[in-house]
Amino acid sequence: MTKILLDVVNVTKTYTIGSKLRNKSKDKVHAVNDVSFHLMQGETLGIVGESGCGKSTLGRMLVSLEEITSGTVDFDGHNLGKLGARKIRPLRKRFQMIFQDPYASLNPRRQIGKIIEEPLRIQGVSREERRKRAMELLEKVGLDANSYSKYPHEFSGGQRQRVVIARALALNPELVVADEPVSALDVSIQAQILNLFHDLQEEFGLTYIFIAHDLGVVRHVSDRIAVMYLGKIVELAGADSLYDSPAHPYSQALLSANPRMDTDETSTRIILTGDIPNPINRPSGCSFHPRCPIAKDKCRSEEPPLVQIGIRQVACHFPTI
Ligand SMILES: Nc1ncnc2c1ncn2[C@@H]1O[C@H](COP(=O)(O)OP(=O)(O)OP(=O)(O)O)[C@@H](O)[C@H]1O
Ligand code: SF4
Ligand SMILES: [Mg+2]
């Protein structure tokens, strides 16, 4: 029977920014605002939203790379915020993050094999074992054995992403948080890498959080999708329901930004206008109201809570159900 691997309850991240000089007030950036969801073992949750909506900040909190301002993240029954550095160390190998800019994390002067072995070296695995495991991982991600002694600049973007995936899998993690893992790749290569993620999940029973700007990218790899706007989840639903019948005007707008290939519904497209509001000064009421095509008076004064409606959760006073 599958279990809840990750339980996220009312998680918030606030950054304090501004001058440290006297008489200068500091601003608070509400990067992630009261986010709750759970993730079953073996499941993939896609997280989508425009730039700055808090996806990476949330992802980093889930793997304990960012301090949580309030709320709890439970990984397999362990409250990550409450564990000290010593107790969290053995848990760290059970979750891994693939960073938004993976190339920056590949040391250009290190051989690919050594890069993949790095997490094993930190864990004190012997040289022979490390090499054996790196060879295995190269094969798993579709790179040949000669890649071991090559350097990052000798690889294409798609191949480098395979290296990053191999390194993330070196310690046999259960949860992988992949932050925009294909956004820098050509569309044809994106499909190959998404297939690789899928195959590795089948083989190793991995649980994924898959972050992307684009709903189309996460649709085929996700069981469920959470749509974020200004630090909050505004809709959470099964991938197909969300894609076929989004209930929140923002989800509808995100989908319209990526016209579907299988319909000719161009006349119903919603175009997002206006800039993304600043997370320092969130609009009153529903924070999407300045850009929402169907906003009414109530939207400007009352913040809609995220509520269960049928098989989905939506934060909107007037959802399309
Ligand atoms: N260390 C920090 N200090 C201050 N503000 C930060 C910090 N990190 C992130 N932010 C702010 O928090 C908000 C959320 O940022 P985050 O990087 O999580 O967004 P994102 O959804 O991942 O965006 P993108 O799609 O561009 O990667 C942004 O307004 C960002 O400027
Ligand atoms: S609550 Fe109002 S402004 Fe917000 S998304 Fe729904 S209709 Fe639009
Ligand atoms: Mg990001």
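**Ligand shell and salt bridges**

Modeller: Gladly! At least two residues of the shell around ligand 1 come from each of β1 (4–17), β2 (27–40) and α1 (55–62); helices (H or I, at least four residues) and strands (E, at least two) are DSSP runs, numbered from the N terminus. This is a predicted model, where local features need pLDDT of at least 70, side-chain atom pairs count only at pLDDT 80 or more, and totals for chains, interfaces and linings use all residues. Residues are numbered from 1 along each chain as its sequence is written, chains are lettered from A and ligands numbered from 1 in the order in which they are written, and side-chain values use heavy atoms, leaving out hydrogens and water.

Biologist: What makes the pair of Arg130 and Glu117 a salt bridge?

Modeller: Their side chains meet at 3.4 Å, N to O. A salt bridge needs a side-chain nitrogen of Lys or Arg within 4 Å of a carboxyl oxygen of Asp or Glu, so the pair qualifies. Arg130 lies in helix α4 (residues 127–140) and Glu117 in helix α3 (residues 112–122), so the pair ties together parts 13 residues apart in sequence.

Biologist: Why is Glu117 called buried?

Modeller: Its relative accessible area is 3%. Buried means under 20%, exposed over 50% and partly exposed in between (1.4 Å probe, protein chains only), so Glu117 counts as buried.

Biologist: And why is Asp240 called partly exposed?

Modeller: Asp240 has a relative accessible area of 44%, so it falls in the in-between class.
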